[in-house]
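Take a look at the structure below. This report walks through some of its contacts, one group at a time.

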Amino acid sequence: MSAGSSDDLDALLRVTSPTYVGDRHPDVAFGTHDGPVGRLILAVTSRGVAACSYEDENVVFERVARGVSAFIGPDPRRLDPVRRELDAYFSGRLRTFTTTVDLQLATPFARTVLQMMLAVPYGAVTTYREIAERIGRPRALRAVGNALGANPVCVIVPCHRVVENESVLGGYAGGPVAKERLLRIEGRNRPRT
């Protein structure tokens with residue numbers, strides 16, 4: 001077996017075996033979390049949670065490998081605190097996440113929008129228009145919607161708290177059922193239709 005093959009095998013084990021122990025911790029801890037809104041794909045860097053996504057695991061893995069680091073693997077030391085906070089949030093025991101977020105997978109414009117979302121309190125909702133006005137781009141409704149739709153850190157960066165208006169829920173990466181469930185967890189009823 002050549003040195004390259006050994007490196008390839010080590011890389012494969014690192015990302016596929018939850019019990020893999022290498023010489024050092026991966027740059028990005030990668031795993032999943034099953035909750036009441038479906039399976040979330042998690043990626044945690046030394047700076048914070050870079051992904052909490054409803055997307056396919058392979059899609060998230062590729063995005064993280066390209067945008068953050070190719071040294072990706074299981075690391076319960078970084079994943080478990082995020083999982084515990086998600087469980088506490090889903091059960092209604094946590095209103096504000098204390099885990100930090102790492103928005104390096106978002107575009108600069110999306111980071112601005114997502115930072116604004118971190119200020120929307122638990123149980124409150126806002127609209128695309130209000131977010132666009134707060135960032136000083138009142139006509140950028142579609143761009144705000146696209147930034148929220150591409151949120152790499154769903155649930156923790158609460159894009160589910162944005163509705164089209166008081167009577168229309170609007171889109172969500174996890175789908176309308178997940179959005180409705182998250183708003184219910186926070187004590188919000190579905191907007192009137």
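## Aromatic pairs

Tyr54 is buried, and Tyr172 is buried too. Both belong to a predicted model. Their ring centres lie 5.5 Å apart, and the ring planes meet at 75 degrees. Planes over 60 degrees apart count as edge-to-face, so this pair is edge-to-face. The two tyrosines come from distant parts of the chain, 118 residues apart. Tyr54 sits in the loop between β3 (49-53) and α2 (57-67). Tyr172 sits in the loop between β6 (162-163) and α7 (176-185).

Tyr89 and Phe97 make another pair, with ring centres 5.3 Å apart. Their planes stand at 35 degrees, so the pair is tilted. Tyr89 is buried, and Phe97 is as well. Both rings belong to one aromatic cluster, made up of Tyr89, Phe90, Phe97 and Tyr122. Across the whole structure, a search finds five aromatic pairs.

## Salt bridges

How many salt bridges does a search of the whole structure find? It finds eight. One of them joins the side chains of Asp102 and Arg47, at 3.3 Å from N to O. Asp102 lies in the loop between α3 (76-90) and α4 (108-117). Arg47 lies in the loop between β2 (38-44) and β3. The pair therefore ties together parts that are 55 residues apart in sequence. Are the two partners buried or exposed? Asp102 has a relative accessible area of 1%, so it is buried. Arg47 has 53%, so it is exposed. The cut-offs are under 20% for buried and over 50% for exposed.

Glu55 and Arg63 form another salt bridge, and their closest N and O atoms are 2.5 Å apart. Glu55 is partly exposed, at 36% relative accessible area. Arg63 is partly exposed as well, at 28%.

Arg78 bridges to Asp75, with 3.2 Å between the closest N and O atoms. Arg78 has 13% relative accessibility and counts as buried. Asp75 counts as buried at 2%. Arg77 comes in as well: salt bridges with shared partners join Asp75, Arg77 and Arg78 into one network.

Which residues of helix α6 (residues 141-149) are buried? They are Val144, Ala147 and Leu148. Now look down the helix axis. The buried residues fall within an arc of 95 degrees, so they line one face of α6.

The face turned away from that buried side carries exposed residues: Arg142, Asn146 and Gly149. What covers the buried residues of α6? The cover includes α4, α5 (128-134) and β6.

## The whole chain

The protein has seven helices and six strands. From the N terminus on, the order of elements is α-β-β-β-α-β-α-α-β-α-α-β-α.

The protein has 193 residues, and 44% of them count as buried. Consider the contacts between residues at least 6 apart in sequence. Of these, 62% join residues at least 24 apart. The protein exposes about 10,100 Å².

Definitions and conventions
Residues are numbered from 1 along each chain as its sequence is written. This is a predicted model: local features need pLDDT of at least 70, side-chain atom pairs count only at pLDDT 80 or more; totals for chains, interfaces and linings use all residues. Side-chain values use heavy atoms; hydrogens and water are left out. Rings of Phe, Tyr and Trp (its six-membered ring) pair if their centres lie within 6.5 Å; planes under 30 degrees apart count as stacked, over 60 as edge-to-face and the rest as tilted. Helices (H or I, at least four residues) and strands (E, at least two) are DSSP runs, numbered from the N terminus. Buried means under 20% relative accessible area, exposed over 50%, partly exposed in between (1.4 Å probe, protein chains only). A salt bridge is a side-chain nitrogen of Lys or Arg within 4 Å of a carboxyl oxygen of Asp or Glu. The arc is that of the directions from the helix axis to the C-beta atoms. Contact means heavy atoms within 4.5 Å. Accessible areas come from the Shrake-Rupley method with a 1.4 Å probe; for residues, only the protein chains shown count as cover.
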